[in-house]
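Here is a friendly briefing to read alongside the structure. Take a look at the fold, then follow the points below.

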Amino acid sequence: FFFWALVVNIPIIALMQMVYRRHQQVTAVSHAVNRQGLISFVVANLLTGAVNLSINTMEVEDQTALAILIGYTTAIGALATFLEAFSDYRRNATPAKKRLKN
């Protein structure tokens, strides 16, 4: 299993490194998930539990599984992006004097 994991993951990591070096930019969604990590993690775990309790995941067809994964990923990204925008809004709406006291 260990060698199989290496053979599968090393090309993926190498490809990701090549893309990152070429662009040197992080997407807004990646940045939001990174900054809102704890909430994203908790919500992702809750969504995983909800999916596992509501659907027999071992017998789902490929198209349905792909739709679940896309919906799951979209929901986590959208939530993190919303929370990041709300956090920025609150940070900018707070008067400077209050920010300095806290």
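**Briefing on the chain**

The chain exposes about 8800 Å², and carbon and sulfur atoms supply 67% of that area; accessible areas come from the Shrake-Rupley method with a 1.4 Å probe, and for residues only the protein chains shown count as cover. This is a predicted model, in which local features need pLDDT of at least 70, side-chain atom pairs count only at pLDDT 80 or more, and totals for chains, interfaces and linings use all residues. Residues are numbered from 1 along each chain as its sequence is written, and side-chain values use heavy atoms, with hydrogens and water left out.

**Fold and burial**

- The chain has five helices and zero strands, where helices (H or I, at least four residues) and strands (E, at least two) are DSSP runs numbered from the N terminus.
- Of the 102 residues in the chain, 10% are buried (buried is under 20% relative accessible area, exposed over 50%, partly exposed in between, with a 1.4 Å probe and protein chains only).

**Confidence**

- The mean pLDDT (the predictor's confidence in each residue, from 0 to 100) is 83 for the chain, and 83% of the residues score at least 70.

**The salt bridge**

- The structure holds one salt bridge, meaning a side-chain nitrogen of Lys or Arg within 4 Å of a carboxyl oxygen of Asp or Glu.
- R35 pairs with E84 in a salt bridge, with the closest N and O atoms 3.4 Å apart.
- R35 sits in helix α2 (residues 28–35) and E84 in helix α4 (residues 62–93), so the pair ties together parts 49 residues apart in sequence.
- R35 is partly exposed at 44% relative accessible area, whereas E84 is buried at 8%.
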